[in-house]
Amino acid sequence: MRIKRAGSSVVEADMTPMIDMTFQLIAFFMIVTNFEQTQADERVKLPADQLARPPLVPREDELVLNIGFIRNAQGEKVDPDPFVFLGDENVRVLDYGPYLKQERQVAELKHGDGAHKNMTVVIRADSEVPTGLVQELIKLAQEAGFEKFAFKAKSDEEPG
Amino acid sequence: MKIRRGSGEESGKVDIQMAPMIDVVFQLLIFFMLTLKIVAPEGDFNINMPIGSAAAASDEPPPLDIKVRLLANPDGTLGQVVFGNRPLGNDVPACFDRLNLEIVGLVGSGGGFADDMSVEIDADYNLHYAYTIKAISACTGRIDPVTQQPVRYIEKIKLAPPRRPGEE
């Protein structure tokens with residue numbers, strides 16, 4: 001007996017809506033993903049305040065200093081003293097003066113004499129860092145010739 | 001005349017291979033999903049830090065200085081907020097709300113922006129930085145409860161020289 005082939009038995013799924021959705025998702029993740037090279041350090045747990053708003057005009061030149069504690073996996077402080085995080089290197093706050101002078105030299109080499117005066121020193125300090133040490137760091141920065149300062153805080157404060 | 005479809009015409013239809021495209025698209029999707037990191041937005045406060053006595057050389061009259069003293073407990077928590085000579089307590093966040101009200105009283109009930117006023121925050125050496133930020137925020141302005149937009153009072157905030165332990 002001869003069996004006739006049934007050509008129309010294969011049902012083709014319409015892929016168009018799925019592809020549309022997938023591209024929508026890709027577009028969403030591409031927009032949300034932050035590729036910007038921020039100088040933020042995850043070890044610093046910033047204080048939160050509702051009034052802290054990002055500057056309307058992004059600063060052209062800034063020097064970000066991350067100050068925080070070295071903590072273990074449980075979040076306990078390994079050392080009671082805070083450090084300035086400089087890449088993989090951790091420098092005690094009061095020993096940071098020479099590094100600031102170096103930053104000034106780099107700024108002058110890159111943008112000419114007096115460039116450091118237009119540079120804002122942005123301080124990202126952990127909530128538990130003693131205020132006195134932040135002031136000491138500002139003093140060291142002033143000695144190195146920097147004049148503009150800003151404090152960073154998270155702007156999404158939980159109520160209560 | 002009836003035209004019969006020949007087998008040659010059927011083979012002329014090109015089928016797009018969707019499988020590789022879908023593979024790549026899913027790869028991209030997984031990449032973006034894994035690299036997604038939601039970072040909390042950060043804002044900042046500008047701080048004026050006059051160097052030594054250089055500010056006194058200007059002909060302009062010096063701005064009216066409001067002094068806010070922040071006392072710390074030995075463990076670095078807030079001991080007392082003192083506005084001028086008046087203690088405002090240490091019950092966070094109510095004490096900073098009181099400080100904010102005092103500033104509003106000075107600036108004017110109209111919520112005006114005071115350009116000729118500056119606040120000097122004098123904090124104890126070991127006071128946690130978070131309280132200093134709260135004090136700076138309370139002096140700078142407030143969030144309007146109706147519009148949820150920030151209302152600025154004083155922009156000129158400075159820090160007093162550090163009070164090193166044993167120097168007081």
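This is a predicted model: local features need pLDDT of at least 70, side-chain atom pairs count only at pLDDT 80 or more; totals for chains, interfaces and linings use all residues.
Leaving aside residues up to four places away in sequence, L99(B) touches V68(B), V81(B), F83(B), L88(B), A135(B), A138(B) and C139(B). L99(B) belongs to the largest nonpolar core, which has 64 residues. Along with L100(A), F151(A), L70(B) and F96(B), L99(B) touches the most other members of that core. Helix α4 of chain B, residues 129-140, gives this core its largest share, 7 residues. Apart from this core lies another, of 5 residues, including I26(A), F29(A), V25(B) and L29(B). In soluble globular proteins, nonpolar side chains tend to be buried together.

Now turn to the contact between the chains. Chain B puts in 48 residues and chain A 52. About 4500 Å² is buried between them, and carbon and sulfur atoms give 63% of that area. There are 17 residue pairs in polar contact between chain B and chain A. The interface also holds 4 salt bridges. K134(B) forms a salt bridge with D49(A), with the closest N and O atoms 3.7 Å apart.

Which elements of chain B supply at least two residues each to the side that touches chain A? They are α2 (18-35), β1, α4, β6 (141-143) and β7 (150-152). Of these, α2(B) gives the most, 10 residues. By class, this side of chain B has 30 nonpolar, 10 polar and 8 charged residues.

Finish at E42(B), in strand β1 of chain B, residues 42-47. The side chain of E42(B) makes a polar contact of 2.7 Å with the side chain of R124(A). Among the residues that E42(B) touches are A40(A), L46(A), P54(A), K152(A) and S155(A).

How values were computed. Residues are numbered from 1 along each chain as its sequence is written. Chains are lettered from A and ligands numbered from 1 in the order in which they are written. Side-chain values use heavy atoms; hydrogens and water are left out. Helices (H or I, at least four residues) and strands (E, at least two) are DSSP runs, numbered from the N terminus. A polar contact is a pair of N or O atoms within 3.5 Å; within protein, one must be able to donate a hydrogen and the other to accept it, and residues adjacent in sequence count only if both atoms are side-chain atoms. Contact means heavy atoms within 4.5 Å. A nonpolar core is a set of buried Ala, Val, Leu, Ile, Met, Phe, Trp, Tyr and Cys residues joined through side-chain atoms within 4.5 Å. Buried means under 20% relative accessible area, exposed over 50%, partly exposed in between (1.4 Å probe, protein chains only). Buried area is the accessible area (1.4 Å probe) that two parts lose on being put together, summed over both. A salt bridge is a side-chain nitrogen of Lys or Arg within 4 Å of a carboxyl oxygen of Asp or Glu. Ala, Val, Leu, Ile, Met, Phe, Trp, Tyr, Cys and Pro count as nonpolar, Asp, Glu, Lys and Arg as charged, and the others, Gly among them, as polar.
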